[in-house]
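Subject: Structure handover

Hi,

Here is the structure I promised to pass on to you.

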Amino acid sequence: MKEANRFSGTPWIASLILVSGACVAPGDAGPGAGGPAELDLTLDNIHRTSAGVRGVAISPDGRNLAISGSGPGGSGLYLAERADGGGFGLPGFWLRGSNPAWAPAGDRIAFAAGGEIRVADIGDVEARPVMDAMEGVRAPAFSPDGRTIAFYSTESGHQDIWLVPTDGSGPPRQLTDAAMALDDPRFAPAWSPDGGELVYVSNASDYWHDDLWIVEVETGDHRQLTRTLMAMSTPVWSPEGDRIAVFGTAKGEYWYEDLSYIYVIADLDAAAGPAERIVDMQVYATDAAMRHAPSWSADGEFIYFPYLERGTANVWAVPAAGGVATRVTHMEGTISGVSHTAGTGSLAFVHASPTRGGEAYALDLIGGVPQRLTSFAPVWRSVEAPREIAYSSFDGLRIQGFLYHPPQLAEGASCPALVQVHGGGTNSYQQGLNLTEQYLASKGFVVLAINYRGGSGFGREFQDLSVEDWLWDQARDAGAAADFLRTLPYVNGKVGIYGGSYGGSMSLSAVSLTPDRFDAAVPMRGAYSKLNTLEYTDRLGKIFSVTGHGGTPEERPDTYAKSHVVSRIADITAPVLLMHGELDRRVPIQNFERAVAEFERLGKSVEVKTYPDEAHGFRNPDNRVDTYSRLEEFFTRHLGGCATD
């Protein structure tokens with residue numbers, strides 16, 4: 001084994017750390033004075049630049065829009081006000097903060113920061129805390145009368161809901177007891193329209209279940225509401241308070257991510273229990289790893305939701321009773337942070353394209369063209385939209401891919417190629433701004449990012465292809481991608497593969513199942529041994545693993561054998577660089593350790609790098625720059641560069 005970057009004489013864990021209105025044309029400067037910054041496509045710029053919009057929150061009356069991000073006034077919250085002629089005016093910097101929740105009157109916001117809940121009126125330049133700091137404070141939500149804020153905290157040792165007076169006149173009061181596992185912070189509390197109850201997601205009935213529960217605010221009495229669904233979003237009350245909508249999957253099915261049903265829960269107080277009904281429609285809702293939620297129209301007749309198809313996301317609407325779902329937006333790219341409440345005639349969202357980062361948009365629901373409100377994201381020099389292609393896999397299945405071309409091709413050069421495999425397994429490579437692939441292409445690599453079988457955006461049947469077949473035929477899809485790349489006249493015959501998280505697992509699996517297809521591999525943060533690392537992972541990782549394999553390792557040994565990539569390391573012939581964060585809970589470091597130990601047992605060379613201060617998602621920009629610097633150097637060393645005849 002060899003340490004990456006040729007560090008000397010140490011074991012494998014290196015001590016050096018890893019609305020209505022005119023739509024702006026893509027090339028226009030857009031809203032705001034002076035337009036966005038222009039940046040060169042460098043790793044430092046990619047990983048140290050935070051400019052862009054990260055979230056939006058429209059006020060309940062639709063008069064104001066809070067925008068989280070980094071713009072001309074710095075990083076924080078910006079406020080856009082409804083203009084007299086319709087649409088919103090230019091946003092101005094408001095205060096330091098992020099991810100705000102609006103008060104019902106639309107005159108205040110609340111957000112979590114530093115273990116506190118902080119409140120600011122419109123016009124304030126600084127938010128005031130309403131409580132002393134607590135552990136794990138997040139997801140504030142105003143009561144309908146605006147006097148109380150519900151929020152989550154881990155002070156109890158679990159994810160529990162607490163209440164605090166909005167004016168800070170009293171200490172927080174714990175409302176739930178052991179509502180959710182400590183390491184599962186996906187959901188937010190939701191007030192009933194009359195303020196008497198909160199609906200929330202809890203695994204109190206069973207560690208493996210995400211049911212809806214209701215708790216009474218005054219007494220703390222609680223009851224389980226649903227029995228058959230696995231919640232995949234924060235639940236949302238209908239305007240009348242007689243129904244609840246939530247994204248979810250059926251407990252009897254695989255725990256799909258990104259393609260959920262919309263459930264409507266009715267007859268909430270029925271003695272026999274509420275009715276759990278799936279909204280019948282021709283598409284699915286996209287929860288985006290539990291980051292989206294449904295919303296109701298003002299009359300309770302329609303439900304709005306995001307849907308991802310073939311890498312592109314848009315907002316859709318469907319009758320709450322079921323029927324044909326139709327698009328609300330028609331945009332190319334990805335949508336995140338959708339904000340809409342039943343009392344508003346507008347919705348807002350963050351949109352990114354293959355050549356531009358996140359910007360805030362608003363749309364009047366009567367129809368029209370979305371209005372772009374910001375110009376925060378930088379313009380990246382030398383960035384071009386990838387080409388969407390399809391190639392034939394080993395069994396004839398057509399796999400979608402996005403092909404990034406290096407500029408050297410214009411000079412008649414032939415270049416090495418890379419296959420990118422996305423994370424998540426059941427997620428998707430989306431047509432947003434993917435700067436890693438753009439950067440590698442700029443450095444002389446032909447990059448093909450693939451949406452292998454089992455991912456979202458192609459229907460349930462496509463996702464089902466990898467149920468209980470993880471890291472097997474999916475990895476063969478990656479091998480077929482390498483075959484396709486070698487047919488291109490401008491590829492020099494050398495192909496590498498890389499990915500993070502599930503993409504890391506896929507990378508190592510692909511070079512073990514199809515060893516003759518790849519000349520180098522960089523798996524990052526991957527799970528290489530679910531068979532004997534399941535006990536170390538967090539709750540989300542456990543659910544993903546057990547449902548995907550159809551049970552535990554003891555119950556389904558043959559299925560776990562397919563995803564036990566460590567057992568196939570003997571078949572690997574390509575050079576490998578493994579990188580991992582030592583604090584990772586989603587994919588624990590034991591996966592890395594077992595893989596490295598097997599490489600060493602077999603006498604195979606492997607380059608390694610770990611990052612003592614990183615969990616699953618690398619936060620330190622220095623470490624992110626270091627990771628991709630190593631990746632670039634490794635591929636250049638083993639695959640060569642572009643050359644002209």
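First, the ground rules. This is a predicted model, in which local features need pLDDT of at least 70, side-chain atom pairs count only at pLDDT 80 or more, and totals for chains, interfaces and linings use all residues. Residues are numbered from 1 along each chain as its sequence is written, and side-chain values use heavy atoms, with hydrogens and water left out.

Helices (H or I, at least four residues) and strands (E, at least two) are DSSP runs, numbered from the N terminus. Two strands pair if DSSP finds at least two bridges between them. Here 4 strands make an open sheet in the order 24-25-26-27, with antiparallel pairing. Strand 24 (295-296) and strand 27 stand at its edges with a single partner strand each, so one side of each has no neighbour in the sheet.

Strand 26 (residues 312-319) has 7 of its 8 residues buried, so the rest of the structure largely encloses it; buried means under 20% relative accessible area, with exposed over 50% and partly exposed in between (1.4 Å probe, protein chains only). Its antiparallel pairing with strand 25 (residues 302-309) runs over 8 bridges, and Pro306 stands opposite Val315 there. These two strands form a hairpin with 2 residues between them, and Arg310 in the turn has a positive phi of about 50°. On to strand 27 (residues 326-327), which is joined to strand 26 by 2 bridges, again antiparallel. Ala317 faces Thr326 across that pair. This hairpin has 6 residues between its strands, and Gly322 in the turn has a positive phi of about 100°.

A second sheet to look at is also open and antiparallel, with 4 strands in the order 3-4-5-6. Strand 3 (52-58) and strand 6 (92-95) are the edge strands, each pairing on one side only. From one strand to the next, the twist averages 35°. Strand 5 (residues 74-81) is linked to strand 6 by 3 bridges, with Tyr78 opposite Phe93.

Now the helices. In helix 2 (residues 435-442), 7 of the 8 residues are buried, so this helix too is largely enclosed by the rest of the structure. Among the buried residues are Glu437, Gln438 and Tyr439. Gly444 follows the helix and has a positive phi, near 105°.

Helix 4 (residues 473-487) and helix 5 (residues 502-513) have axes that come within 8 Å and cross at roughly 75°; the axes are lines fitted to C-alpha atoms over the stretch in contact, and angles run from 0 to 180 degrees between N-to-C directions. The two helices are therefore roughly perpendicular. Gln474, Ala475, Arg476 and Ala478 of helix 4 meet Tyr502, Met506, Ser509, Ala510 and Leu513 of helix 5 (contact means heavy atoms within 4.5 Å).

Finally, the cores: sets of buried Ala, Val, Leu, Ile, Met, Phe, Trp, Tyr and Cys residues joined through side-chain atoms within 4.5 Å. The largest nonpolar core has 94 residues, of which Phe305, Ile450 and Leu578 touch the most other members. Apart from it lies another core, of 31 residues, including Ile46, Leu418, Tyr439 and Met579.

Best wishes

Note on methods: Angles under 35 degrees count as roughly parallel, over 145 as roughly antiparallel, 65 to 115 as roughly perpendicular and the rest as oblique.
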